[in-house]
Amino acid sequence: MGYRRGVSIGEALAEARREAGLTVAQVSQRTRIRQTIIRGIEGDDYSVCGGDFYARGHIRSIAKVVAADPGPLIQEFDTTHRAPGAVSATSIDELLTRSRAAEQQRRKRQRRSWAVVAGAMTVGLALLVGAVFVGYHFLAGPRRAAQAAPAAAGNAVTQHRAGQGTAGPAPSAGQGTAGPAASTGPAAASPAPTASHGPAQATALTPASVTAAGPGGGDNPQLAYRAIDASRATAWRTDWYTTARFGNLYPGTGLLLDMGHPVTITGVRISLGSAPGAALQIRVGAVRGLAQRPAAARAADAAGVLRLRFSRAAHGRYVLLWFTRLPVDPAGTFQASVYNIKLTGA
């Protein structure tokens with residue numbers, strides 16, 4: 001439903017709710033917004049919202065449920081109702097933009113700091129190598145002079161044997177041949193062989209926590225824990241939408257898993273609902289904001305138990321499960337369910 005000029009925000013939302021065949025109680029149940037707040041907004045009373053920031057979020061959530069376009073409604077609210085001031089005038093999108101810019105500046109400063117440290121370490125290492133080289137030649141000088149003395153006397157055979165040293169045991173497989181210093185003397189011992197390790201086995205990785213991710217705080221954040229509770233009977237579900245593309249309201253929705261510390265991830269197993277049609281991506285990174293990171297794995301027309309193996313191991317603390325398309329549900333609307341998420345890594 002489009003917004004008509006001359007109609008207040010509350011009237012537009014109330015009309016859209018009635019056209020959708022929903023009661024205030026049903027809208028409250030689907031948005032988790034109290035009925036008193038919904039009635040206040042429909043009456044163009046925003047004093048119960050707790051501030052402009054929350055009022056804008058409530059308008060967006062209600063519009064989504066009643067199939068109304070939230071953009072013009074938010075614009076109208078900003079024009080006629082938003083209080084002056086830096087805090088009230090900042091939208092969620094603006095906050096996200098500023099946060100991303102601050103994060104980019106922080107990372108640039110960090111890279112510059114690391115470059116200074118790396119440069120200092122390189123200079124220190126070069127000085128250390130030079131000191132070792134000079135010390136070696138200083139100490140090796142007398143020894144070389146002693147070895148050269150028999151040659152000056154014309155004993156070529158003695159010189160050759162002194163250079164070779166006493167023969168030791170043949171080097172075992174996988175070992176390099178010992179140099180002159182290691183083989184000199186009557187009882188030179190061969191070094192112990194180094195243990196050879198094969199590829200690390202994949203192990204289960206347990207997330208420390210999980211939260212809903214998406215515009216307005218994500219869908220059903222109070223149920224996000226169900227995606228990692230290892231129970232087949234419980235599930236986190238997205239909100240229901242009028243189309244598979246979220247009613248053209250959002251680019252996607254999903255879950256953000258916090259592993260507690262940086263890990264290496266090689267695969268993921270996701271238990272979805274039985275209806276096919278879900279399209280999703282897995283993104284991994286060191287910071288919570290993963291919207292701009294490339295997908296480590298993706299799937300289309302997914303349903304049931306989905307197993308994804310990464311073509312290349314991904315490193316980071318945060319893992320984003322991001323739905324870009326939803327399957328149809330029995331009611332004819334569109335909604336995705338996640339019963340369980342299991343991660344594996346090296």
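This is a predicted model: local features need pLDDT of at least 70, side-chain atom pairs count only at pLDDT 80 or more; totals for chains, interfaces and linings use all residues.

User: Which residues does E11 touch, not counting residues up to four places away in sequence?

Analyst: Start with the term: contact means heavy atoms within 4.5 Å. By that rule E11 touches E42 and D44, with residues up to four places away in sequence not counted. Residues are numbered from 1 along each chain as its sequence is written, and side-chain values use heavy atoms, with hydrogens and water left out.

User: Where is the place of E11, and is E11 buried, exposed or partly exposed?

Analyst: Helices (H or I, at least four residues) and strands (E, at least two) are DSSP runs, numbered from the N terminus. E11 has its place in helix α1. For burial, the cut-offs on relative accessible area are under 20% for buried, over 50% for exposed, and partly exposed in between (1.4 Å probe, protein chains only). E11 counts as partly exposed because its relative accessibility is 45%.

User: And what are the buried residues of helix α3?

Analyst: In α3 (residues 35-42), the buried residues are I37, I38, G40, I41 and E42. Their cover includes α1 (9-19), α2 (24-31) and α4. Just after α3 comes D44, with a positive phi of about 60°.

User: How many Å should the residues of helix α4 span?

Analyst: The expected span of a helix is 1.5 Å times one less than its number of residues. For the 14 residues of α4 (residues 52-65) that gives 20 Å, and the end C-alpha atoms are 20 Å apart, so the two agree. The buried residues of α4 are D52, A55, R56, H58, I59, I62, A63, K64 and V65.

User: Could we look at one of those? With what is H58 in contact, leaving aside its neighbours within four places in sequence?

Analyst: H58 is in contact with I33, I37, I41 and C49. Its relative accessibility is 17%, which means that H58 counts as buried.

User: Which residues touch the most other members in the largest nonpolar core?

Analyst: A nonpolar core is a set of buried Ala, Val, Leu, Ile, Met, Phe, Trp, Tyr and Cys residues joined through side-chain atoms within 4.5 Å. In soluble globular proteins, nonpolar side chains tend to be buried together. The largest core here has 38 residues, and L255, I282, F323, V338 and I341 touch the most other members. Two or more residues each come from β4 (253-272), β5 (278-285), β6 (297-302), β7 (305-325) and β8 (337-345). The most come from β4, with eight residues. A second, separate core of 24 residues includes I33, I37, L73 and F77.

User: Where does N340 lie, and what does N340 touch?

Analyst: N340 lies in strand β8. Not counting residues up to four places away in sequence, its contacts are A227, I228, A230, S231, R269, I270 and S271. With a relative accessible area of 12%, N340 is therefore buried.

User: To finish, what about the chain as a whole?

Analyst: The chain has eight helices and eight strands, and 33% of its 346 residues count as buried. Among its contacts with a separation of 6 or more, 71% are between residues 24 or more positions apart.
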